[in-house]
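Please read it with the structure open beside you.

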Amino acid sequence: MNNSSPFEAFKPASTKEVADIVRAAAKDGFALRTARKVGGKGRTKSDTSRPVSLRNMEAVVDYPARDMTITVQAGMPLTELKKILAEEKQQLPVDCFDPTMTVGALVASDLAGPRQFAYGTLRDYVIGIEAVDGQGRIFHAGGRVVKNVAGYDLCRLMVGSRGSLGIITQLTFKLKPIPEHSDLRTFRFDQVADFDAALEKLNVTAATPVMMDFTFASPELAKQRTGPDSERKNLPYSLCIGVEGTETSCDWQIKQLRQDCAGSEEIDFSGHPGWSVTQHCRSFGYGWHNGDVQIRTLPSKLVAIVSELSERGYSTQGHAGNAILFAGDEIKDGKVRSVCEEVAAKHGGTVSEWDVDHPAKATDPLSTRLRSTFDPHSVFLVE
């Protein structure tokens, strides 16, 4: 090891060097951390783990564009991946609010933004993976073709593992073409009933939106926004809907969405070329960078849950199409988690927080056995 400082980051340039670092950590008894923290309070003074930076591993390994797949090293930043794919009019349709994040950190964190409504999540796009386990062994899963899964799907296991099972060094992604055109509209409501009716229509709409995000203000915040001197653009309930396809298709879909969102005020973003579907998706990392509480529920239960949280003083936002919402502790009472659990138990749903409900910290027998199998010496620090 060339690093003399106990806190200086290792900067391997190959998978073999990563394996050497892990074996040294297992032998000398120090921990390694690679997963980039999205939320939380940062590193503590008692944390003596050694960071591993893969920024020297950001090369394209293989890019058969006609096959709509690409293999890259895990240290490649998302901005660079996007630039490379754009040259072939292709994309990895998984949104992240932090474009400087590496693809390895993205996969380890399993982030997915507003367009997961249409495109799905990372588990739908990671088809090949190379990683190093806690004993310094290099292992592979999947491959460079879409239909190449036999036995247990380790790719899906590593997605969202948050660095607890191994250091991801290489990834193969399935790709999608970049759409010819996109359009983004916000529909704002001043009545909950109109908001609810719009969601019901949108669940069976003939349009095919790629994203459908919402904000739902608490009564106090709604009162501030809808006072006698306020503008209607500050109405308390809104749906931000994006469509993609040909220009003709997008125009037709917007007309259909207008009918579905009757009783709303429409805001057209076409006059703001700097603001688009992809820009919106990159700008809203709901919950994960704010420490908000997440609730996953059924679409039919969304309005009931956000309405009850609103009455208790909490504003919510999230992905209406997937029925994923986030509530923040804006009233600073420290009860947002317990209130969300109570409301979710009443209406149906699961509650989680990025740091508290870490998937890599699960104590069930299967999760514990997986971690002990992949990392028997506890080399990987779970963040």
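1. Terms first. Two strands count as paired if DSSP finds at least two bridges between them. Helices (H or I, at least four residues) and strands (E, at least two) are DSSP runs, numbered from the N terminus. The model is predicted: local features need pLDDT of at least 70, side-chain atom pairs count only at pLDDT 80 or more, and totals for chains, interfaces and linings use all residues. Residues are numbered from 1 along each chain as its sequence is written, and side-chain values use heavy atoms, with hydrogens and water left out.

2. The five-stranded sheet. Its strands follow the order E3-E4-E8-E6-E7, the sheet is open, and the pairing is antiparallel. Strand E3 (60–62) and E7 are the edge strands, each pairing on one side only. Neighbouring strands are turned by 20° against each other on average, direction ignored. Such angles run from 0 to 180 degrees between N-to-C directions, with axes fitted as lines to C-alpha atoms, for helices over the stretch in contact.

3. Strand E8 and its partners. E4 (residues 69–73) is joined to E8 by 5 bridges, and Ile-70 stands opposite Phe-173 there. E6 (residues 126–132) is joined to E8 by 6 bridges. Val-132 has Ile-167 of E8 as its bridge partner. How many of the 8 residues of E8 are buried? The count is 7, so E8 (residues 167–174) is largely enclosed by the rest of the structure. Buried means under 20% relative accessible area, exposed over 50%, and partly exposed in between (1.4 Å probe, protein chains only).

4. The largest core. A nonpolar core is a set of buried Ala, Val, Leu, Ile, Met, Phe, Trp, Tyr and Cys residues joined through side-chain atoms within 4.5 Å. The largest one has 55 residues, and Leu-32, Leu-81 and Phe-173 have the most contacts inside it. H1 (15–28), E4, E6 and E8 are among the elements that each supply at least two residues. H1 gives the largest share, 5 residues. Leu-81 is in contact (heavy atoms within 4.5 Å) with Ile-70, Val-72, Met-76, Leu-92, Val-103 and Phe-173, leaving aside neighbours within four places in sequence. A second, separate core has 35 residues, including Ala-207 and Leu-309.

5. The eight-stranded sheet. This open sheet has the order E13-E10-E12-E11-E15-E16-E14-E17, with antiparallel pairing. E13 (265–268) and E17 (350–352) stand at the edges with a single partner strand each, so one side of each has no neighbour in the sheet. Inside the sheet, 6 bridges join E11 (residues 211–216) to E12 (residues 237–245). Phe-214 is paired by a bridge with Leu-239 of E12.

6. Helix H6. H6 (residues 192–202) lies across E10 (181–189), E11 and E12, at about 25° to E12. Phe-195, Ala-198, Leu-199 and Leu-202 are buried in this helix. These residues fall within an arc of 100° seen down the axis, so they line one face of H6. The arc is that of the directions from the helix axis to the C-beta atoms. Ala-193 and Glu-200 are exposed on the face turned away from the buried side. The buried residues pack against E10, E11, E12, H8 (247–260) and H10 (302–311).

7. Ile-241. This residue lies in E12. Is Ile-241 buried or exposed? Ile-241 is buried, at a relative accessible area of 1%. Its contacts include Asp-183, Arg-185, Leu-202 and Leu-257. Ile-241 and Asp-183 are 58 residues apart along the chain, with C-alpha atoms separated by 8.4 Å.

8. Salt bridges. A salt bridge is a side-chain nitrogen of Lys or Arg within 4 Å of a carboxyl oxygen of Asp or Glu. The structure holds 17 of them. Glu-266 and Arg-185 form one, with the closest N and O atoms 2.4 Å apart. The pair links distant parts of the chain, E13 and E10, 81 residues apart. Glu-266 is partly exposed at 28% relative accessibility, while Arg-185 is buried at 8%. Salt bridges that share partners join Asp-183, Arg-185, Arg-258 and Glu-266 into one network. Elsewhere, Arg-137 and Asp-133 form a salt bridge at 2.7 Å between the closest N and O atoms.
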